[in-house]
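Dear colleague,

Please find below the structure that I am handing over to you.

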Amino acid sequence: MRKIVALVITCLLLSTTAFAAGTKATLPKGYEKWERSSEKIETDKSSLFYGIHYIYVDKKAMPAYKRGTGYPEGSTFVIEYFNIKNEGGRQIKGKKNMIVLMKRDKSQRNTGGWLFAGFTPDGSLSRLDVVKNCFECHVQEAKNRDYVISRFSDFKK
Ligand code: HEC
């Protein structure tokens with residue numbers, strides 16, 4: 001009986017932490033005014049990142065972004081993704097289709113000390129497994145750059 005009670009308590013604790021981690025993720029106010037990358041275009045339709053996107057970097061993250069490591073608590077990146085629209089032979093941005101967030105947060109131990117979150121275009125949190133759907137790729141690509149894949153040298157091109 002005691003074992004079962006302990007198990008139930010552990011489950012409750014685990015589910016509330018998961019819930020807390022999920023609800024904490026909101027888009028930072030005013031990120032549209034942060035330093036923004038040039039427009040990045042991925043035209044390969046088979047790519048997960050097909051579309052046009054912009055990376056926003058807050059003031060806290062910028063010095064570490066330039067160095068490539070050592071992000072202080074609270075450092076934040078936001079990416080906005082748009083569809084590609086063809087207009088007179090030019091590729092321009094269409095509808096926004098997704099927003100992603102990475103925020104330095106020591107308590108997020110399963111995802112390398114970053115809060116990962118995905119949002120719908122209107123800013124509501126998407127329910128997804130951020131370890132499998134986000135972190136695993138970031139580990140593979142940028143283990144020695146604190147899991148930040150893009151580089152400052154490509155920021156404005
Ligand atoms: C298949 C690999 C892959 C997956 C899965 C992935 N990303 Fe990324 N992510 C990238 C790449 C590549 C970049 C760099 C984009 C660029 O240079 O323009 C990136 C960049 C980012 C950035 C900007 C900071 C950085 O690392 O450069 C954020 C924020 C981000 N991703 C969040 C997420 C979130 C949240 C998820 C899950 C919903 C996710 N990513 C899933 C590959 C991935």
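I begin with the ligand. The residues of the shell around the ligand divide into 15 nonpolar, four polar and two charged. In total, 21 residues surround the ligand, and the closest are Met102, Gly118, Cys134, Cys137 and Ser150. Two or more residues of this shell come from each of β4, β5, β6 and α3. The greatest contribution is that of α3, which gives six residues.

Please bear in mind that this is a predicted model. The average pLDDT of the protein is 89, and 85% of the residues score at least 70. Residues 7-23 call for caution: pLDDT stays under 50 there, and the model has two contacts beyond four places in sequence for that stretch.

As to the overall arrangement, the protein has three helices and six strands. Along the sequence they follow the pattern α-β-β-β-α-β-β-β-α. Of the 157 residues in the protein, 19% are buried. Among contacts with a separation of 6 or more, 40% are between residues 24 or more positions apart.

Strand β3 pairs with several others. Strand β1 (residues 35-36) is joined to β3 by two bridges, and the two run antiparallel; in this pairing Arg36 stands opposite Tyr56 of β3. Strand β2 (residues 40-42) also pairs with β3 in the antiparallel sense, over three bridges, and Lys40 stands opposite His53 of β3. Six bridges then join β3 to β4, again antiparallel. Here His53 stands opposite Tyr81 in β4, while Val57 stands opposite Phe77 in β4. Phe77 stands opposite Met102 in β5. The hairpin of β4 and β5 has two residues between the strands, and in it Gly88 takes a positive phi near 55°.

Which residues touch the most other members of the largest nonpolar core? They are Tyr56, Val57, Ala61, Phe77, Val78, Met102 and Phe116, in a core of 18 residues. The elements that give two or more residues to this core are β3 (51-57), β4 (76-87), β5 (90-104), β6 (114-119) and α3 (130-142). Ala61, for its part, is in contact with Tyr71, Ser75, Thr76 and Phe77, leaving aside its neighbours within four places in sequence.

Not counting residues up to four places away in sequence, Thr76 touches Pro28, Asp58, Ala61 and Lys103. The C-alpha atoms of Thr76 and Asp105 are separated by 9.6 Å, although these two residues are 29 apart along the chain.

Turning to α3, its buried residues are Val130, Cys134 and His138.

Most residues other than glycine have a negative phi. Asp146, which lies in that segment, has a positive phi near 55°. Tyr147, placed in the segment after α3 as well, has a positive phi near 70°. Asp146 counts as buried because 21 other C-beta atoms lie within 10 Å, and Tyr147 is buried with 21 other C-beta atoms within 10 Å.

Yours sincerely

Terms used. Residues are numbered from 1 along each chain as its sequence is written. This is a predicted model: local features need pLDDT of at least 70, side-chain atom pairs count only at pLDDT 80 or more; totals for chains, interfaces and linings use all residues. A nonpolar core is a set of buried Ala, Val, Leu, Ile, Met, Phe, Trp, Tyr and Cys residues joined through C-beta atoms within 7 Å. A residue is buried if 20 or more other C-beta atoms lie within 10 Å of its own, exposed if 12 or fewer, and partly exposed in between; C-beta atoms are placed from the backbone. Helices (H or I, at least four residues) and strands (E, at least two) are DSSP runs, numbered from the N terminus. Two residues are in contact if their C-beta atoms, placed from the backbone, lie within 7 Å. A residue is near a molecule or strand if its C-beta atom, placed from the backbone, lies within 6 Å of it. Ala, Val, Leu, Ile, Met, Phe, Trp, Tyr, Cys and Pro count as nonpolar, Asp, Glu, Lys and Arg as charged, and the others, Gly among them, as polar. Two strands pair if DSSP finds at least two bridges between them. pLDDT is the predictor's confidence in each residue, from 0 to 100.
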